[in-house]
Amino acid sequence: MNGSLLKRYDAMTRRERVLIGVAATLTGLVVLVYGVVLPVGHAFDAADARHAEATVRAGRLIAAMRDLDAPPVRKAASGPVDRLVATSAEQAGLVLQSNQPRGEGEAQVVVPAAPAAAVLGWLDALGAQGLVVDALTVSPSPSGTVAVSVTLRRPAR
């Protein structure tokens with residue numbers, strides 16, 4: 001096969017050889033541009049876009065981690081602690097067995113039976129109001145609820 005192509009090429013005139021050479025060069029350039037240069041360029045552009053997106057995501061993640069490390073901003077709760085606890089428990093749908101004030105900024109609270117998720121959510125809401133859990137006892141019951149005894153206080157200023 002190669003031999004017949006070489007014989008044909010040798011039989012061509014100089015002008016035909018130049019035209020074949022120009023056509024082969026143009027074909028090679030088209031294949032090089034559309035087969036190599038443009039796909040590689042698109043790959044670099046896509047990699048650059050992915051890198052920029054990953055950099056933005058990493059920055060957001062680092063900012064979120066800094067927010068986690070920062071102490072939570074808590075609004076100061078006003079009024080006696082036992083009243084705040086009673087109001088918050090009523091809003092959370094919990095029934096208090098006892099709510100004993102202990103001085104100005106502390107209260108001992110007992111919840112006889114409640115779902116664990118509801119109690120923990122309620123304690124978290126109290127934390128958002130600026131109250132601190134000083135002591136906590138959680139006792140599970142066979143019915144799937146928990147009994148909770150907790151001492152809440154205002155943090156020392």
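**Reading side-chain features in this predicted model**

Mentor: Let us begin with arginine 153, which is partly exposed, at a relative accessible area of 25%. Partly exposed lies between buried (under 20%) and exposed (over 50%), with a 1.4 Å probe and protein chains only. The model is predicted, so local features need pLDDT of at least 70 and side-chain atom pairs pLDDT 80 or more, while totals for chains, interfaces and linings use all residues. Residues are numbered from 1 along each chain as its sequence is written, and side-chain values use heavy atoms, without hydrogens and water.

Trainee: How many salt bridges does a search of the whole structure find?

Mentor: Side chains of opposite charge can pair when their charged atoms come close. The search finds two salt bridges (a side-chain nitrogen of Lys or Arg within 4 Å of a carboxyl oxygen of Asp or Glu). Arginine 153 pairs with aspartate 134, with 3.2 Å between the closest N and O atoms. Arginine 153 belongs to strand β4 and aspartate 134 to strand β3 (residues 132-140), so this pair ties together parts 19 residues apart in sequence. Aspartate 134 is partly exposed, at 43%. Helices (H or I, at least four residues) and strands (E, at least two) are DSSP runs, numbered from the N terminus.

Trainee: Which side chain meets arginine 57 in a salt bridge?

Mentor: The partner is glutamate 53, at 2.9 Å, N to O.

Trainee: Is threonine 151 buried or exposed?

Mentor: Threonine 151 counts as buried, because its relative accessibility is 6%. Threonine 151 is part of strand β4 (residues 146-153). Its side chain has a polar contact of 2.5 Å with the side chain of glutamine 108 (N or O atoms within 3.5 Å, one able to donate a hydrogen and the other to accept it; residues adjacent in sequence count only if both atoms are side-chain atoms).

Trainee: What sits over the ring of tyrosine 9?

Mentor: The charged end of arginine 17 does, 5.3 Å from the ring centre. The criterion is NZ of Lys or CZ of Arg within 6 Å of the ring centre and within 35 degrees of the ring normal.

Trainee: Where is phenylalanine 44 found?

Mentor: Phenylalanine 44 lies in helix α2 (residues 14-69). Phenylalanine 44 counts as exposed, because its relative accessibility is 61%.
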